[in-house]
Amino acid sequence: MAAKNSIPRLAVFPQTAEVNKKGNLAIGGCDTIALAEEYGTPLYVFDEADIRNRCREFKEEFTKRYPGTIVSYSPKAFTARAMFKLVAEEGLDLDVVSGGELAFALASGFAAKKIHFAGNNKSGEELELALREGIGHIVVDNLPELNMLIKIAGRKKVDILLRLNPGIDPHTHQYNKTGIADSKFGLPKADWDEAVQTALAADNLNVDGLHFHVGSGLFEYEPYLKSLDEVLAYAAAIRQKYGFRMNLLSIGGGFGAQYTVDAVPPPVASFAGAIIERLTTRCRELKLETPKLMIEPGRKIVAQAGVALYTVGVIKNIPGIRTYVSVDGGMGDNIRQPMYGAVQEALVANRPAAKDTRTVTISGKYCEAGDVLIKEIKLPELKAGDILAIAGSGAYCVPMSSNYNAAFRPAIVFMKDGRARLIRRRETLEDLTRRDPD
Ligand code: LLP
């Protein structure tokens with residue numbers, strides 16, 4: 001813990017991050033420099049204990065206040081066979097958003113009944129796959145999907161949630177607002193009644209409950225509370241009108257993770273406390289039976305557990321302008337800075353305790369001027385061959401990666417108790433060429 005005090009940035013690294021006897025950054029008891037040598041860079045390394053602790057934290061903090069809460073991990077944040085297995089071991093459900101995620105989860109042995117399927121433009125094929133496999137819920141996003149589902153379901157009885165767009169601003173980056181009225185996601189208020197009437201009238205649908213998702217990367221719980229007000233008031237109205245009983249309510253994901261030393265999001269316990277207090281109070285006021293609750297965290301479960309390791313290459317100092325430190329990855333494996341202006345912290349993995357001396361820009365190796373990983377960061381004097389470790393790389397980096405410039409996407413390693421296991425090998429030329437005919 002001494003290291004945590006003398007190196008403040010370690011606070012945004014995985015929970016087991018420390019400086020080892022060699023003076024290198026170690027995670028899960030594994031030396032990151034040795035891993036970089038063994039597997040090459042860029043390399044994504046994950047602290048398995050960190051991921052498991054966060055799964056448990058969500059489960060504990062919600063279920064102790066509201067027994068039976070279903071924690072449904074959103075694999076869009078990080079998708080891998082090893083991750084599906086870990087999530088299943090931790091007893092979580094899964095919130096998928098495509099036939100691909102669904103098929104990947106099933107192929108990894110995930111129980112179909114514990115999978116719930118959201119998404120704003122599901123195809124007939126995707127719905128058919130979901131019905132064939134008998135998944136937990138289809139989260140119906142819009143009227144055309146509802147009508148298509150009624151046709152496809154035939155004589156099967158399908159459990160659905162209706163995704164309501166509550167029209168609430170989550171105060172996140174514009175691209176991460178999903179519950180505002182001007183959004184492609186969810187049923188707009190104008191469609192709520194028609195959706196409920198249609199769904200309740202369909203013999204082959206069981207409307208198990210309602211769903212909303214306000215956005216991603218929330219640092220406030222107020223948007224959840226306002227959305228609860230909207231959705232619970234509506235649930236009470238349709239209880240009266242149609243006798244509809246909301247058995248399950250999903251409030252989506254969105255819990256903010258800590259990426260920088262200074263911007264600390266509220267802990268899961270605070271989100272849980274505020275959300276459950278509002279849920280139970282409103283239900284009492286509205287004389288609604290309390291529903292079963294579902295949450296869909298993605299980012300918060302994996303963001304801090306993952307670290308990206310890069311090798312420093314060309315360092316270019318433009319006097320009076322800027323110093324560019326180029327590394328051997330970039331926007332192909334992490335597009336979050338160019339896309340959302342994301343800010344992440346870094347340490348020099350081969351001397352994390354060294355003193356910061358110079359402000360630099362960490363750029364990638366892609367043929368794109370916007371290919372930046374960190375816009376400005378104060379780091380120790382760097383040289384080619386140093387290993388840079390970027391924290392907060394566990395969520396929405398690998399799943400959004402590309403083969404731009406024919407890059408081979410990185411290998412991924414899980415680390416625990418001093419043991420590292422390769423959970424995805426680096427891509428090869430064969431991976432890149434095999435889909436193209438000669
Ligand atoms: N449930 C639904 C219906 C969602 O659309 C999402 C995220 C989640 C749950 C999980 O949200 P989380 O707990 O991870 O915030 N690529 C962006 C984030 C996009 C989030 C999309 N939906 C980024 O890198 O910031």
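In this predicted model, the shell of residues around the ligand divides into 4 nonpolar, 8 polar and 6 charged. There are 18 residues around the ligand, and those that come nearest are Ser-216, Glu-296, Arg-336, Tyr-340 and Tyr-396. An oxygen atom of the ligand has a polar side-chain atom of Ser-216 at 2.4 Å. The side chain of Tyr-340 places an N or O atom 2.6 Å from a nitrogen atom of the ligand. Taken alone, the ligand exposes 590 Å², and the protein buries 92% of that area.

The model has 14 aromatic pairs, and one of them joins Tyr-340 to Tyr-175. The two ring centres are 6.3 Å apart and the planes stand at 70°, which makes the pair edge-to-face, because planes over 60 degrees apart are counted that way. Tyr-175 belongs to the loop between β9 (158–163) and α8 (189–201), whereas Tyr-340 is in helix α12 (residues 336–340), so the contact ties together parts that are 165 residues apart in sequence. Are the two partners buried or exposed? Tyr-175 has a relative accessibility of 54% and counts as exposed. Tyr-340, at 17%, counts as buried, because the limit for burial is under 20%.

A second pair has another geometry. The rings of Tyr-366 and Tyr-404 have centres 6.1 Å apart and planes at 10°, so this pair is stacked. Both residues sit in loops: Tyr-366 in the one between β16 (358–363) and β17 (372–379), and Tyr-404 in the one between β18 (387–390) and β19 (411–416). The pair therefore ties together parts that are 38 residues apart in sequence. Tyr-366 is buried, with 12% relative accessibility, while Tyr-404 is partly exposed at 32%.

Aromatic rings also gather in a group. Phe-58, Phe-62, Tyr-221, Tyr-224, Phe-255 and Phe-271 form one aromatic cluster. A ring can also meet a charge, as at Phe-117: Lys-122 lies over the face of this ring, at 5.5 Å from its centre.

Phe-46 is part of strand β4 (residues 43–47) and counts as buried, with 0% relative accessibility.

Glu-48 lies in helix α3 (residues 48–63). Glu-48 counts as buried, since its relative accessibility is 7% and burial means under 20%.

Ser-250 is found in strand β11 (residues 248–250). This serine is buried, with a relative accessible area of 0%. A polar atom of the Ser-250 side chain lies 3.2 Å from the backbone nitrogen of Gly-252.

Methods. Residues are numbered from 1 along each chain as its sequence is written. This is a predicted model: local features need pLDDT of at least 70, side-chain atom pairs count only at pLDDT 80 or more; totals for chains, interfaces and linings use all residues. Side-chain values use heavy atoms; hydrogens and water are left out. Rings of Phe, Tyr and Trp (its six-membered ring) pair if their centres lie within 6.5 Å; planes under 30 degrees apart count as stacked, over 60 as edge-to-face and the rest as tilted. Helices (H or I, at least four residues) and strands (E, at least two) are DSSP runs, numbered from the N terminus. Buried means under 20% relative accessible area, exposed over 50%, partly exposed in between (1.4 Å probe, protein chains only). A charge sits over a ring if NZ of Lys or CZ of Arg is within 6 Å of the ring centre and within 35 degrees of the ring normal. A residue is near a molecule or strand if one of its heavy atoms lies within 4 Å of it. A polar contact is a pair of N or O atoms within 3.5 Å; within protein, one must be able to donate a hydrogen and the other to accept it, and residues adjacent in sequence count only if both atoms are side-chain atoms. Accessible areas come from the Shrake-Rupley method with a 1.4 Å probe; for residues, only the protein chains shown count as cover. Ala, Val, Leu, Ile, Met, Phe, Trp, Tyr, Cys and Pro count as nonpolar, Asp, Glu, Lys and Arg as charged, and the others, Gly among them, as polar.
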